[in-house]
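Biologist: I have some terms to check against the model. Please set each value against its definition.

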Amino acid sequence: MVIQSILKMEKRWHKNNNGFSYIESLLVLLIIVIIIIIVPVTKFDENKVKDEEINDEIISLLNYYQTKSYETGEVIVVSFPPKNDTIYIQSKVLGINSKYIINQGEIYEGNNLANSEIIFKNNGVRTGGTIKYYIGDTLYQIVVQLHRGRIRIEKV
């Protein structure tokens, strides 16, 4: 009697075995492989992100000192000496004598000496123009518009 009940339980267990078959597992694996092949892999360009970060820092720096000039009414000079990696910020009245080093960068040697500085004054900028610089091998330019001194950076 015990043996018969064990046999009945074993038959029920075999009937309720609903696991994946080998073919079903292969089909699922095939679908996963097709999805991996079809979906493009996004490549992360670390150099591009670093360049954008440096450009954002430069724009923030220029906007900060431009705003400071508007608030105080004093002149602030931002100099970009050619063949140098440093931007100098000066104001004798406000006691500002700072510098910003362009990481992996250099100010373009072909910049006109007249356009190698931005002079912020209480109601805008003194002169407009462009100042070019390198970050790595990529050439960028800061474009300064007259009057209110809107500033933007472009890739050349």
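Biologist: Why does Ile-58 count as buried?

Modeller: This is a predicted model, where local features need pLDDT of at least 70, side-chain atom pairs count only at pLDDT 80 or more, and totals for chains, interfaces and linings use all residues. Residues are numbered from 1 along each chain as its sequence is written, and side-chain values use heavy atoms, with hydrogens and water left out. Buried means under 20% relative accessible area, with a 1.4 Å probe and protein chains only. Ile-58 has 1% relative accessibility, so Ile-58 counts as buried.

Biologist: Which residues is Ile-58 in contact with, leaving aside neighbours within four places in sequence?

Modeller: Contact means heavy atoms within 4.5 Å. Ile-87, Tyr-100, Ile-102, Tyr-133, Ile-142 and Ile-153 qualify. Ile-142 is 84 residues from Ile-58 in sequence, yet 9.2 Å away in space, C-alpha to C-alpha.

Biologist: What makes strand E1 and strand E2 a pair?

Modeller: Strands are DSSP runs of E, at least two residues, numbered from the N terminus. Two strands pair if DSSP finds at least two bridges between them. E1 (residues 76–79) and E2 (residues 86–91) have three bridges, in the antiparallel sense. They therefore meet the rule for a pair. Val-77 has Gln-90 in E2 as its bridge partner.

Biologist: What is the order of the open sheet of five strands?

Modeller: The order is E3-E2-E1-E5-E6, with antiparallel pairing.

Biologist: Why are E3 and E6 called edge strands?

Modeller: Strand E3 (96–101) and strand E6 (124–125) each pair on one side only.

Key: Buried < 20%, exposed > 50% of the residue type's maximum accessible area, 1.4 Å probe, protein only. Helix = DSSP H or I, 4+ residues; strand = E, 2+ residues; numbered from the N terminus.
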